[in-house]
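Welcome, and thank you for opening the viewer.

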Protein chains: 2
Amino acid sequence: MLSVEEARARILAELRPTPPETVALAEAAGRVTAQPVLARLTQPPADVSAMDGYALRAADGTLGAKLRVTGAAPAGHPFAGSVGPGEAVRIFTGSVIPAGADGVLIQEDAERDGDWLTVREAVTKGRHIRRAGQDFAAGETVIPAGRRLGARDIGLAASANHPWLSVHRRPRVAILATGDEIALPGEPIPPGGIVSSNAHALAALVRAAGGEPCVLPIAADTLDAVGAVADAVAGQDMLVSTGGASVGDHDLVIEGLKRRGLTVDFWKIAMRPGKPLVSGRLGTVAMLGLPGNPVSAIVCATLFLLPAIARLSGLPAAPPPVSQGIAGADLPANDARADHLRATLATDADGTLIATPFAVQDSAMLKRLAHADALILRAPHAPALPAGSPVSMIRLDTLGI
Amino acid sequence: MLSVEEARARILAELRPTPPETVALAEAAGRVTAQPVLARLTQPPADVSAMDGYALRAADGTLGAKLRVTGAAPAGHPFAGSVGPGEAVRIFTGSVIPAGADGVLIQEDAERDGDWLTVREAVTKGRHIRRAGQDFAAGETVIPAGRRLGARDIGLAASANHPWLSVHRRPRVAILATGDEIALPGEPIPPGGIVSSNAHALAALVRAAGGEPCVLPIAADTLDAVGAVADAVAGQDMLVSTGGASVGDHDLVIEGLKRRGLTVDFWKIAMRPGKPLVSGRLGTVAMLGLPGNPVSAIVCATLFLLPAIARLSGLPAAPPPVSQGIAGADLPANDARADHLRATLATDADGTLIATPFAVQDSAMLKRLAHADALILRAPHAPALPAGSPVSMIRLDTLGI
């Protein structure tokens with residue numbers, strides 16, 4: 001059996017980032033930069049005031065000095081003249097420091113009387129002045145390639161004067177659920193059938209990870225129906241299937257797609273929940289076959305599909321983020337398969353995360369998975385741990401899963 | 001001066017969740033439930049097999065016994081007859097256990113020869129059978145009201161047979177940037193002007209928090225231009241303004257909107273970066289006035305706007321999530337204002353987060369804020385801390401900010 005780490009490494013090694021596209025700045029949040037973003041201007045573009053007050057020659061700003069106010073320079077309206085000896089110009093936060101001035105008397109320290117002001121606190125040369133280029137200089141890289149853009153990056157790209165950005169196209173992920181026994185929610189349920197939950201759970205997961213899901217119609221359990229999927233996935237970056245990958249009599253997905261050119265590895269992974277996993281390629285489309293069991297499907301998607309979408313999106317190949325905490329209950333020794341215990345989270349007085357696994361970990365209990373906050377990671381052959389021991393976990397609550 | 005906590009509590013106390021709307025299950029991820037989701041069916045609907053194998057009477061499943069295979073029940077195709085003494089029916093994971101059977105012989109433990117099989121491992125009654133309702137029973141609440149729906153919840157709602165969900169409408173947040181000196185990215189920049197970064201950074205933040213942003217045109221610095229905003233925000237849940245809230249000569253936003261009915265509190269908050277904050281109401285529209293400085297605007301948005309959007313979305317009133325870690329450098333004693341140190345994160349061998357503040361914390365440095373991973377929280381009058389001391393922080397990287 002393959003380890004989780006080895007399976008993930010093999011899947012990621014086959015994937016390349018999607019090509020770049022140009023998107024409006026306002027639509028770029030959450031996308032991954034395909035090129036570095038270089039500043040198109042210098043910020044601030046000139047020396048500017050950090051405070052409301054008066055620009056003056058610092059040498060004039062001695063305690064008790066009286067200066068004549070010769071004008072004003074609201075932000076956006078630079079003072080046309082220059083500041084001579086004994087003069088001051090009214091300025092505001094962000095105002096360009098007028099020529100001749102090298103000091104700022106802040107408003108609270110100025111006593112104004114008509115065109116005159118009295119200095120109530122001595123001025124220090126250069127203080128309260130933000131130098132041109134203090135934030136960034138024209139030509140400087142402000143955002144590297146391969147970064148997922150958050151709100152702050154959008155602000156930074158805006159201030160660097162970029163109305164458009166070059167980002168990787170959202171990975172297109174087709175999702176295929178198979179099985180005569182499944183029905184879409186609200187549709188008539190066949191006798192002995194169940195409602196399909198995997199396709200839409202996986203679609204939400206793909207979207208949360210920054211991908212563009214495409215839910216394919218449920219494929220009937222025939223070779224022809226499954227084979228036709230090969231036509232439906234043209235132009236997709238990845239095909240994710242669920243079900244049909246056990247060792248039972250109904251493994252039609254692989255057989256049906258093999259007839260259409262699927263090259264495939266069939267893996268047993270040393271993990272729980274989940275075990276069978278299919279990794280393959282159908283032309284240019286990567287394929288990942290997840291277990292049909294909903295809990296196994298989502299756990300496997302967390303471990304393998306999320307990193308795959310991140311990689312396709314332009315991020316480095318990496319496992320899902322792991323957090324540290326302590327066990328809220330005794331954990332039994334683990335067997336040869338990596339376990340992923342569904343657990344709730346609490347926080348102790350120090351802010352330490354306490355992860356307490358549910359007593360029953362049956363992989364058919366979707367409600368319990370949905371109510372979990374984290375998966376406690378138990379390595380193969382991990383020894384028993386008493387409550388309070390450090391544990392590693394994948395937090396599900398912060399991943400949009 | 002108000003504390004951060006008091007200001008946040010006052011803002012949140014004025015807000016109520018948006019009304020519910022019905023959305024398709026496939027569009028519900030990230031939304032907050034307005035009503036509990038009750039299971040419309042029992043899952044599993046009948047006793048089903050947890051494995052591929054054979055259904056039989058457990059009493060017949062003794063080591064070495066030979067049983068006659070009388071039929072098959074693929075998942076979705078229940079066996080019409082019943083299992084008599086000495087008989088077995090081929091079943092698969094998810095197959096309904098046929099009448100008469102109370103045990104499952106797993107495939108690996110069965111030796112099949114034509115219509116006959118030999119039991120190679122004794123069968124335990126009830127083992128490998130998932131009982132009807134093990135996951136949930138019809139009528140049971142599977143998702144409470146007031147929960148933000150992740151991918152797992154979507155799967156659970158699907159399996160509970162809900163094609164539609166009742167969720168709170170996305171909060172509509174209008175964003176107003178003011179100032180003669182600002183230009184949109186790519187537009188001509190006036191002399192002494194800068195490119196507007198706040199509006200689009202805040203729009204991305206609103207979207208990351210689950211709100212629907214509406215970026216208003218930049219308002220010129222006149223009372224009439226600002227007053228006209230009152231018409232533009234009809235139907236919005238909140239108006240967020242930036243700039244125009246300092247104690248300078250250019251506080252037109254409040255004055256302009258007061259003429260249109262704005263009732264307003266003007267607060268000085270004991271915090272850094274940021275200090276002036278406006279909280280008010282314009283008819284049914286809540287108003288939050290953020291500082292114009294981009295760093296202050298984003299930090300204040302993290303502390304006040306994110307929780308406000310969460311509350312409007314239907315979540316409880318709460319501060320942004322706080323994580324624990326240790327300081328990567330000595331921290332000086334703090335003054336009377338709560339500080340929010342921009343810091344990078346690393347992880348030590350135990351997985352502990354190490355937050356190292358930038359040496360210079362100037363609030364005009366947007367690039368530095370964008371490159372930060374977290375804000376270290378320093379309470380008013382917090383004592384100096386040596387490197388390695390525990391610190392609380394708001395992680396920006398996981399909030400989409």
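Before the first stop, one term: two strands pair if DSSP finds at least two bridges between them. Helices (H or I, at least four residues) and strands (E, at least two) are DSSP runs, numbered from the N terminus. This is a predicted model, in which local features need pLDDT of at least 70 and side-chain atom pairs count only at pLDDT 80 or more, while totals for chains, interfaces and linings use all residues. Residues are numbered from 1 along each chain as its sequence is written, and chains are lettered from A and ligands numbered from 1 in the order in which they are written.

**Stop 1: a sheet in chain A**

Select residues 172-177 and 238-242 of chain A. These are strands β13 and β17, which run parallel and are joined by 5 bridges. Within this pair, Ala174(A) has Leu239(A) as its bridge partner in β17(A).

Now widen the selection to the whole sheet. Its 6 strands follow the order β16-β13-β17-β21-β20-β18 in chain A, and the sheet is open with mixed pairing. Which strands are at the edges? They are β16 (212-215) and β18 (263-268) of chain A, each pairing on one side only. On average, neighbouring strands of this sheet are turned by 20 degrees against each other, direction ignored; the axes used here are lines fitted to C-alpha atoms, for helices over the stretch in contact, and angles run from 0 to 180 degrees between N-to-C directions.

**Stop 2: the domains**

Colour chain A by domain, with bounds that come from an automatic or database domain assignment. Domain 1 covers 4-18 + 170-313, domain 2 covers 29-43 + 135-168, domain 3 covers 48-130 and domain 4 covers 323-399. The centres of domain 1 and domain 2 of chain A, taken over C-alpha atoms, are separated by 35 Å.

**Stop 3**

Select β25 (374-378) of chain A. Here 4 of the 5 residues are buried, so β25(A) is largely enclosed by the rest of the structure. (A residue is buried if 20 or more other C-beta atoms lie within 10 Å of its own, exposed if 12 or fewer, and partly exposed in between, with C-beta atoms placed from the backbone.)

Look for His340(A), which stands opposite Leu377(A) in β25(A).

The loop between β25 and β26 of chain A holds His381(A). His381(A) has a positive phi of about 60 degrees although it is not a glycine. Is His381(A) buried or exposed? It counts as exposed, because it has 11 C-beta neighbours inside 10 Å.

**Stop 4: a loop residue and a cis bond**

Move to Asn161(A), in the loop between α2 and β12 (164-168) of chain A. Asn161(A) is another non-glycine residue with a positive phi, about 75 degrees. With 20 C-beta neighbours inside 10 Å, Asn161(A) counts as buried.

Then select Gln43(A) and Pro44(A), which are joined by a cis peptide bond with omega of about -10 degrees. Pro44(A) is in the loop between β2 (37-38) and β3 (48-49) of chain A.

**Stop 5: over to chain B**

Show helix α2 (residues 151-159) of chain B, which is mostly covered, with 9 of its 9 residues buried. After α2(B) comes Asn161(B), whose phi is positive, near 75 degrees.

A cis peptide bond is also found from Arg272(B) to Pro273(B), with omega near -5 degrees. Pro273(B) lies in the loop between β19 (271-272) and β20 (276-282) of chain B.

**Stop 6: where the chains meet**

Show both chains together. Superposing chain A on chain B takes a rotation of 180 degrees with 0.0 Å of shift along its axis, and the RMSD is 0.1 Å. That is the relation of a two-fold axis. The superposition is by least squares on the C-alpha atoms of residues with pLDDT of at least 70 in both copies. To find the axis, select Thr398(A): of the residues of chain A, its C-alpha comes closest, at 3.4 Å.

The contact takes 79 residues from chain A and 77 residues from chain B, where two residues are in contact if their C-beta atoms, placed from the backbone, lie within 7 Å. Among the elements of chain A that each supply at least two residues are α2 (151-159), α7 (294-313) and β26 (390-395). Finally, 97% of the interface residues of chain A are also interface residues in chain B, so the copies meet through the same surface.
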